[in-house]
Amino acid sequence: MGPSQKPNVCRRLSRRALGFFSRDAGVVQRTNLGILRALVCQESTKFKNVWTTHSKSPIAYERGRIYFDNYRCCVSSVASEPRKLYEMPKCSKSEKIEDALLWECPVGEMLPNTSDYKSSLIALTAHNWLLRISATTGKVLEKIYLASYCKFRYLSWDTPQEVIAVKSAQSKGSALAQQAGIQQPVLLYLAVFHVLPFSLIGILEINKKIFGSVTDATLSHGILIVMYSSGLVRLYSFQAITEQFMQQKLDLGCACRWGGTTGTVGEAPFGIPCNIKITDTPPLLFEVSSLENAFQIGGHPWHYIITPNKKKQKGVFHICALKDNSLNENLPTVTASGRVVKKSFNLLDDDPEQETFKIVDYEDELDLLSVVAVTQIDAEGKAHLDFHCNEYGTLLKSIPLVESWDVTYSHEVYFDRDLVLHIEQKPSRVFSCYVYQMVCDPGEEEETTNRSCKKDCNNLKF
């Protein structure tokens, strides 16, 4: 059973104003989020489609910011109407941003510059430059040239907000080598940096002569994860690898002599040499077999999540203890993002002939489980976003999405405090973005429900 008494928002606001929550810095934030949760879930609160726009390039969302034109244009979704924060100068195809991460300053660290305390976008360009860009103005604050011996394409956090990994595209060798059946031994490169200020840890090569017929590799929480076509996943300590196989310590901005060439590390055309070359198989930490290499690790004590390596098991997740590989029966299901859902299976059983669940996620600040459910009526689908109590699984709120939902398209839905955002990719690379905002005034006119590009997009062209 759920809680017997609903929280009184006015009473909580009064207690906050009188200083009842001032003894602990975290209490005020938790109280504010509790008030927001109550407002989100109350019956009179509506979520209205306040803005819709379309683009020929991918649309990305991160913490109240919507990015268009390969991150060149940034629009704030926090205001009552979308507001353009900045638009970077037009650039050539070779200079476009391939991937980006939002960096927000760490707590408790002294940073060298005042601007470092503001959010930054860490961006990777098509011509191998790593940039730090002001998240509010679009100004380039730092830039590093990576290398010319490979094509870097992907950014990810090794340690969130602290260490990034820049991964190259997989090397296929020259056309002549492929015709001759000559295999390229180096599959890919991983460049690893501490952020703000940028400092180099090293660039590592993943070599098939060492790891065998590896198909992919990534870095997460100090662990090198290597994947194979059979579904096998192997884990190695990245710290142990750097200590054993680093050929030379390199510092950004310092002179370096490498392979008969002298240059400055991180500046063009010299870039950053590959200074971590594994010459022998490193000590294995752990290995497991999983369908499509699906593997996540975390928790306390350590657990890992896999899908059993059988096609009929697709969509099934097993949560196992890392120390002895035992299956944990007390953790029934997991969201697509890897978060544990504390509820029973039968509370979210769908009916394929009536409703199908497409996206399940967890809003950690408000402690709400969000579920996108789609009903297919002939050729058109209609969707709604439901909020469930994460503790009891009960349905608290349902938000209808006004746009039609084609299940054959790619969809992303974000629920971020008082905002719901739906990004859809249609055929021929047409991207659509639908923004919903929370409205607490039940007397507001219904015709404001769906303000579209006719008004709001006049000054926003993408």
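Which residue in β5 is the bridge partner of Ser76? It's Arg83, and we'll come back to its sheet below.

## Getting started

This is a predicted model, so local features need pLDDT of at least 70 and side-chain atom pairs count only at pLDDT 80 or more, while totals for chains, interfaces and linings use all residues. Residues are numbered from 1 along each chain as its sequence is written, and side-chain values use heavy atoms, with hydrogens and water left out.

The protein has 6 helices and 31 strands; these are DSSP runs numbered from the N terminus, with helices being H or I of at least four residues and strands being E of at least two. Of its 462 residues, 43% are buried, meaning under 20% relative accessible area with a 1.4 Å probe, protein chains only.

## An open sheet

Back to Ser76 and Arg83: they belong to the pairing of β4 (residues 73–76) with β5, which is antiparallel and has 4 bridges. Two strands pair if DSSP finds at least two bridges between them. β4 and β5 sit in an open sheet of 4 strands, in the order β2-β3-β4-β5, with antiparallel pairing. β2 (60–62) and β5 (83–87) are at the edges with a single partner strand each, so one side of each has no neighbour in the sheet. From one strand to the next, the twist averages 25°, using axes that are lines fitted to C-alpha atoms and angles from 0 to 180 degrees between N-to-C directions.

## A hairpin and its neighbour

Further along, β15 (residues 223–228) and β16 (residues 232–237) pair antiparallel over 5 bridges. Val226 has Arg234 as its bridge partner in β16. The two strands make a hairpin with 3 residues between them, and Gly231 in the turn has a positive phi of about 100°.

β16 also runs antiparallel to β19 (residues 286–289), joined by 4 bridges. Here Leu235 has Phe286 as its bridge partner.

## Rings

The whole structure holds 12 aromatic pairs; rings of Phe, Tyr and Trp (its six-membered ring) pair if their centres lie within 6.5 Å, and planes under 30 degrees apart count as stacked, over 60 as edge-to-face and the rest as tilted. One of them is Trp51 with Phe68, edge-to-face at 6.2 Å centre to centre and 85° between the planes. Trp51 is in β1 (residues 46–55) and Phe68 in β3 (residues 65–68), so this pair ties together parts 17 residues apart in sequence. Trp51 is buried at 0% relative accessibility, and Phe68 is buried with a relative accessible area of 0%.

Elsewhere, ring pairs link Phe47, Phe387 and Phe415 into a cluster.

Conventions. Buried < 20%, exposed > 50% of the residue type's maximum accessible area, 1.4 Å probe, protein only.
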